[in-house]
Amino acid sequence: MKKKLIVTRRKAIISGLTAMGGLLLPGCKSKELPPTYGNILRMGDNLTYVAHRALLPGQALVKEYDPRDISSFPATGTFNPGDSSWKYYSEEWDKLHKNDFADWRLSVEGLVAKPLQLSLKDLMGLPAQKQITRHSCEEGWTAIAEWTGVRLGDVLKAAGILPKARFVNYYAFDGFTDSLDMLDAFHPQTILAYGMNGKNLPVPHGAPIRMRVETQIGYKSVKYLKRIVVTDEFDDFGENGAILNGWAWYNGI
Amino acid sequence: MANASHHSTWVRICHWIVTLAFIALVFTGIEILMVHPRLYWGEVGNDLTPALFELPISRNYKHGGFTEGQPFFQTPGSPVSAGRTYDIFNQNGWGRSLHFLAGWFLVVSGLVYLLFGFIGGHFRKHILLSKKEFNWSRMMIDLKDHLRLLIPRASGGPDYGILQKISYTIIVFLALPLMVITGFTMAPAITAAFPFLLDLFGGYQSARTIHFFSTIALLLFFVIHIVMVILSGFKKQMLSMTFKRSYEKETDRNPS
């Protein structure tokens, strides 16, 4: 009697694991997943990504806070791309900064019907969104700030995104680069922020524009944005990208 | 218990997967904590806000490498912004990804274990205290025996003593679930879907601090568990938790 039960249980384990594998299949079109390079850590990252996309409601909103919750906020990584002694110095950004970003343009290109060159004024002309949210750094610290900006989704719609688009790549003046899938790119709280705590976005926090991806860990919210490229294929960005430096691409966790 | 009992296959598989996952989680957890060895309460905590306490476990401990704070508002006591000038220790690339990979093994085998434990009656029969054992004087007797290190030889199966059952109950139904759920509370995509998690623990940083103290509790259990395995017959315990056979012959030394 007992022996029989054990066999049944073992079968149940196997069918359970098979079912889990089946869960992964819908996300396994290789083009839509970041490459793993045979690295088991990247496979784990992809498992988390696929599981989040399969199990979590698509575009749930993150918690928003009260103005009195606004906290001190460390500026890490690059906090002044105009510092010529810094390894991520950008002469181009420095020149634009000296002219108060009057000549700064955000280029929106790739798989779009109408490539755009948006000035700060153009962006501020689009419907503004304010949100007081928590920044969660992979290091373990958190901070709360009020961000003002335009939805990335609105900008992408204005450019007329093409149906086969799968990823939105973004490039910064300090050399950082990253990408989002369409779900996070069109998340209602994913914004191109030009304001922080009621003022223009300060230099240490990414002036003139930074990405805010509230559903992921801080380093997806790249500062000092320069260019947005819509693509249909995953780009690892070589040595400038996260995954070849050993960091996860998806960071909802 | 003279009857030849032994650990079920699924118990043995789950036990060792969870053990390996736990070791990987502690190892990477320490690495992650070393990157920011400060713990807080509430939603917010960073180098510019006060910590509950700080741990001297990496060069990041009280590094103080920040530019002068610039206030965000003109009001006194305004929150500030400051740029970090210090090159911190940070190995979170592999640390985080390995932590989450091990977390997958823990969660999946933990769910299998819970499912089988409830369905097959393992929890009712072997882990939870029976009505008879829910008795203060019996508990005190078992406690005194433990304090005098009067540990019975292992039976090679799930014939657990009272304190043993209580500790397994706490680990299975409280400490490990708390560990997993406070971990989830630090995931922005998960708290977007389940915002009550943040309210449940009082915020992201509170969840992180509870995650830390649960680790301490689990490590304490881990050490005591290994000591008890040694005291009750290391070789037999390891064999019976690994291979499918009972070890009756070796139980003969059992003092009655």
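## Basis of the report

This is a predicted model, in which local features need pLDDT of at least 70 and side-chain atom pairs count only at pLDDT 80 or more, while totals for chains, interfaces and linings use all residues. Residues are numbered from 1 along each chain as its sequence is written, chains are lettered from A and ligands numbered from 1 in the order in which they are written, and side-chain values use heavy atoms, with hydrogens and water left out.

## The sheet with strands from chains A and B

Strands (E, at least two residues) and helices (H or I, at least four) are DSSP runs, numbered from the N terminus. Two strands pair if DSSP finds at least two bridges between them. E3(B) runs antiparallel to strand E4 (residues 80–83) of chain B, with two bridges between them. Gln70(B) is placed opposite Ser81(B) in E4(B).

## Chain A as a whole

Chain A has six helices and eleven strands. Of its 253 residues, 55% count as buried, where buried means under 20% relative accessible area, exposed over 50%, and partly exposed in between (1.4 Å probe, protein chains only).

Strand E6 (residues 167–172) of chain A pairs with E7(A) in the antiparallel sense over five bridges.

Asp178(A) lies in strand E7 (residues 177–181) of chain A, and its bridge partner is Tyr170(A). Asp178(A) counts as buried because its relative accessibility is 5%. The side chains of Asp178(A) and Lys220(A) make a polar contact at 2.7 Å. A polar contact is a pair of N or O atoms within 3.5 Å; within protein, one must be able to donate a hydrogen and the other to accept it, and residues adjacent in sequence count only if both atoms are side-chain atoms. Contact in general means heavy atoms within 4.5 Å. Leaving aside neighbours within four places in sequence, the residues in contact with Asp178(A) include Val168(A), Phe237(A) and Trp249(A).

## Strand E5 and its partners

Nine of the ten residues of strand E5 (residues 142–151) of chain A are buried. E5(A) pairs antiparallel with strand E4 (residues 129–136) of chain A over eight bridges, and Gln129(A) stands opposite Gly149(A). The hairpin of E4(A) and E5(A) has five residues between the strands, and in this hairpin Gly140(A) takes a positive phi near 125 degrees.

E5(A) is also joined by five bridges to strand E8 (residues 191–196) of chain A, and these two run antiparallel. Here Trp147(A) is opposite Met196(A).

## Helix H3

Trp93(A), Asp94(A) and Leu96(A) are buried in helix H3 (residues 91–98) of chain A. Down the axis of H3(A), the buried residues fall within an arc of 165 degrees, so they line one face of the helix. The arc is that of the directions from the helix axis to the C-beta atoms. Lys95(A) and Lys98(A), on the other side of H3(A), are exposed.
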